[in-house]
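Please keep the sequence and the structure in view while reading.

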Amino acid sequence: MNARDRIIVPLDMSDGERAWLTVNALRDCVSWFKVGLELMNMVGAPRAAGLVKRQGRNLMYDGKFADIPNTMTGAVKAAVSHGADMLTIHASAGWESICAAVAERGSAKILGVTVLTSLAETECLSIFGDMPDRKVLQFAHILSDSGADGIVCSPQEAQTIRGFSKFNSMIIVTPGVRPAWAAANDQKRAATPAEAIRAGADYLVIGRPILKPPPEIGSPKNAVERIVEEIESVK
Ligand code: C5P
């Protein structure tokens, strides 16, 4: 896959006009944008999705749904009708809810969020009773057994997942990606773009390093070009 097609830029902003301009500025350098809870809750999910789809780009609809199967069915139908190409649900919603999402996905890919990349090991242990690696693996089994198309996990766990042939056909999307020149922010289980690709990630969600690059990097477009070069350097 082309390096540009592996980068997903999250529109983590509350202003629809700014989101439109961001897609417009980057649409020739990347093919995927993600709309998430901030933009959807501020401007409404159909409008948020339209900001990407009307500019001809692919849409990752990061709704992070976690609800009972009946509600999951309705929510996934709605997201698909807004043009989602990838759609996120929480793996912790369980088999029946994941199956309900899969049944309504149409041509969208259902991705299961496992352990948020903002959780450090100790917090993961206290919430889920296990270390991130083991917990993500357990979630990956649930997702695969329920027919989901992919997994959202940190680059650090991508390698573990790729060690099992059972998950060969699953898409791995990794947030928590930080080039060496960018700040970690609130991401605790982070890795560089090159490390994430080497670990077996298919797509990288990279937000603040692109949307607010350090002055020495330049514009968001310059940041994307640096990341594309880094991905292309991986043999
Ligand atoms: O700015 P940054 O690169 O940290 O943005 C990461 C994006 O990925 C955010 O939109 C966040 O909601 C999303 N995400 C995440 N961790 C997950 C799932 C999604 O950071 N496990």
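Which residue caps the N-terminal end of H1? Asp15 does, with a side-chain oxygen that lies 2.9 Å from the backbone nitrogen of Glu17.

## Basis of the model

The model is predicted, and local features are given at pLDDT of at least 70, side-chain atom pairs count only at pLDDT 80 or more, while totals for chains, interfaces and linings use all residues. Residues are numbered from 1 along each chain as its sequence is written, and side-chain values use heavy atoms, with hydrogens and water left out.

## Helix H1 and its cover

Helices (H or I, at least four residues) and strands (E, at least two) are DSSP runs, numbered from the N terminus. Helix H1 spans residues 16-26, and its buried residues are Gly16, Ala19, Thr22, Val23 and Leu26, where buried means under 20% relative accessible area, exposed over 50% and partly exposed in between, with a 1.4 Å probe and protein chains only. Seen down the axis of H1, these buried residues fall within an arc of 120°, so they line one face of the helix; the arc is that of the directions from the helix axis to the C-beta atoms. An α-helix has 3.6 residues a turn, so residues three or four places apart point the same way.

The cover over the buried residues of H1 includes strands S1 (7-10) and S2 (32-35), together with helices H2 (37-43), H3 (45-53), H10 (208-211) and H11 (220-232). Contact here means heavy atoms within 4.5 Å.

Val52 is found in helix H3 and is buried, with a relative accessible area of 0%. Val52 and Thr22 are 30 residues apart in sequence, and their C-alpha atoms are 9.8 Å apart in space. Once neighbours within four places in sequence are left aside, Val52 is in contact with Leu11, Val23, Phe33, Val35, Arg57, Asn58 and Leu59.

Lys34 lies in strand S2 and, at 7% relative accessibility, counts as buried. A polar contact of 2.6 Å joins the side chains of Lys34 and Asp62; such a contact is a pair of N or O atoms within 3.5 Å, of which, within protein, one must be able to donate a hydrogen and the other to accept it, and residues adjacent in sequence count only if both atoms are side-chain atoms. Beyond its neighbours within four places in sequence, Lys34 is in contact with residues including Ile8, Val9, Pro10, Met60 and Val205.

In helix H5 (residues 95-103), the buried residues are Ser97, Ile98, Ala100, Ala101 and Val102, and what covers them includes helix H4 (69-81), strand S4 (86-90), strand S5 (109-113) and H7.

Helix H7 (residues 132-145) also packs with helix H6 (residues 121-128), at an angle of about 50° and with the axes 9 Å apart. Axes are lines fitted to C-alpha atoms, for helices over the stretch in contact, and angles run from 0 to 180 degrees between N-to-C directions. H6 and H7 are therefore oblique to each other, given that angles under 35 degrees count as roughly parallel, over 145 as roughly antiparallel, 65 to 115 as roughly perpendicular and the rest as oblique. Glu121, Cys124 and Phe128 of H6 meet Pro132, Lys135 and Phe139 of H7 in this contact.

Arg189 is found in the loop between strand S7 (171-174) and helix H9 (193-199), and at 4% relative accessibility it counts as buried. The side chain of Arg189 reaches the backbone oxygen of Val115 at 3.1 Å, and a polar contact of 2.7 Å joins the side chains of Arg189 and Glu157. Among the other residues in contact with Arg189 is Pro132.

Met170 lies in the loop between helix H8 (155-162) and S7 and likewise counts as buried, at 4% relative accessibility. The C-alpha atoms of Met170 and Gly147 are separated by 9.7 Å, with the two residues 23 apart along the chain.

## Positive phi angles

Lys64, in strand S3 (residues 58-65), has a positive phi of about 45° although it is not a glycine, and at 26% relative accessibility Lys64 counts as partly exposed. Asn185, in the loop between S7 and H9, has a positive phi near 55° and is likewise a residue other than glycine; at 42% relative accessibility, Asn185 counts as partly exposed.
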